[in-house]
Amino acid sequence: MPELPEVEVVRRGLERWVAGRTVEAVEVLHPRAVRRHPAGGADFAARLTGRTIGVPQRRGKYLWLPLEGRDLSVLGHLGMSGQLLVQPEGAADEKHLRIRVRFDDAAGTELRFVDQRTFGGLSLHENTPDGLPDVIAHIARDPLDPLFDEAAYHAALRAKRTTVKRALLDQSLISGVGNIYADEALWRARLHYERATATLTRPRSAELLGHVRDVMNAALDVGGTSFDSLYVNVNGESGYFDRSLDAYGREDEPCRRCGTPMRRRPWMNRSSYFCPRCQRPPRVAS
């Protein structure tokens, strides 16, 4: 699934091409694309029509389009294969086009939601006083947010009986970090994914956060990570950070730091990639 850098790339594209435009018409072409909007496709289209889109926002992996008046937002769930594309009006429909949004101006482009696997979708939600869709009000700030509280995060880590990678993926503690960037940050920090969070000192957790930020900013610079054609920006272009990965997907390849073959281990229905020399596993108490 897309992680923070990929979602931020999409958000920036939407800010350029969609912010400030008023919706003229909405076509819902597949009911699953609005299944998180309980009132259904006709209600979704009717409530969105005539509204002006504000500056797109993001928290962690969650992306939304606030509507003028700040009472409602369109929350975008990209899922495994969802794409928000800005296409010329009249361009051929994509095979898996699910929703089309037309605007009442002469810009000549429209917004399309395309989703091959139909795990994603769009939905309308009321906003909290802070301007977040109410269904994601519990999501923590992400490490690129200027208001992210490092001291509170460190205290939460020390108090939580868990392991470091589980903590990085816990969206109630820190949002936006997924499997790929967790492995990358842990490799840079020389930390094994099963290291207990209670053993992390304040300087060590600050160092890890620094690596999380560095790897995400590096991914942002090249448009995110694309392993197939499913993740693209609003213009349909793939990201290139997969060419710079140090850990993820590099099983049996030499560690870029020490030359030891990288390893992969099953982990929570995913995989963890690590260097057995640079990232030594924690000792098991006898």
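Where pLDDT is low, the predicted coordinates should not be read in detail. For the protein, the mean pLDDT is 89, and 91% of its residues reach 70 or more.

A note on ground rules: this is a predicted model, where local features need pLDDT of at least 70, side-chain atom pairs count only at pLDDT 80 or more, and totals for chains, interfaces and linings use all residues. Residues are numbered from 1 along each chain as its sequence is written, and side-chain values use heavy atoms, with hydrogens and water left out.

**The sheet**

Next I looked up the strand order. I found an open sheet of four strands, ordered 2-3-4-8, with antiparallel pairing. Helices (H or I, at least four residues) and strands (E, at least two) are DSSP runs numbered from the N terminus, and two strands pair if DSSP finds at least two bridges between them. Strand 2 (57–59) and strand 8 (121–126) are the edges, each pairing on one side only. The twist averages 30° from one strand to the next.

I then checked strand 4 (residues 72–77), which pairs with strand 8 in the antiparallel sense over six bridges. Ser73 stands opposite His125 in strand 8. Helix 2 (residues 41–48) packs on the sheet, touching strand 4 and strand 8, and its direction makes about 60° with that of strand 8. Axes are lines fitted to C-alpha atoms, for helices over the stretch in contact, and angles run from 0 to 180 degrees between N-to-C directions.

**Helix 1**

Helix 1 (residues 4–17) lies across strand 2 and strand 3 (62–66), at about 20° to strand 3. I also found helix 1 packed with helix 6 (residues 202–221) at about 40°, their axes 9 Å apart. Helix 1 and helix 6 are therefore oblique to each other: angles under 35 degrees count as roughly parallel, over 145 as roughly antiparallel, 65 to 115 as roughly perpendicular and the rest as oblique.

Which residues of helix 1 meet helix 6? I listed Leu4, Pro5, Glu8, Val9 and Arg12, which meet Met216, Ala219 and Leu220 in helix 6.

**Helix 3**

Last, I saw that the axes of helix 3 (residues 150–159) and helix 6 come within 10 Å and cross at roughly 115°.

Methods: Contact means heavy atoms within 4.5 Å. pLDDT is the predictor's confidence in each residue, from 0 to 100.
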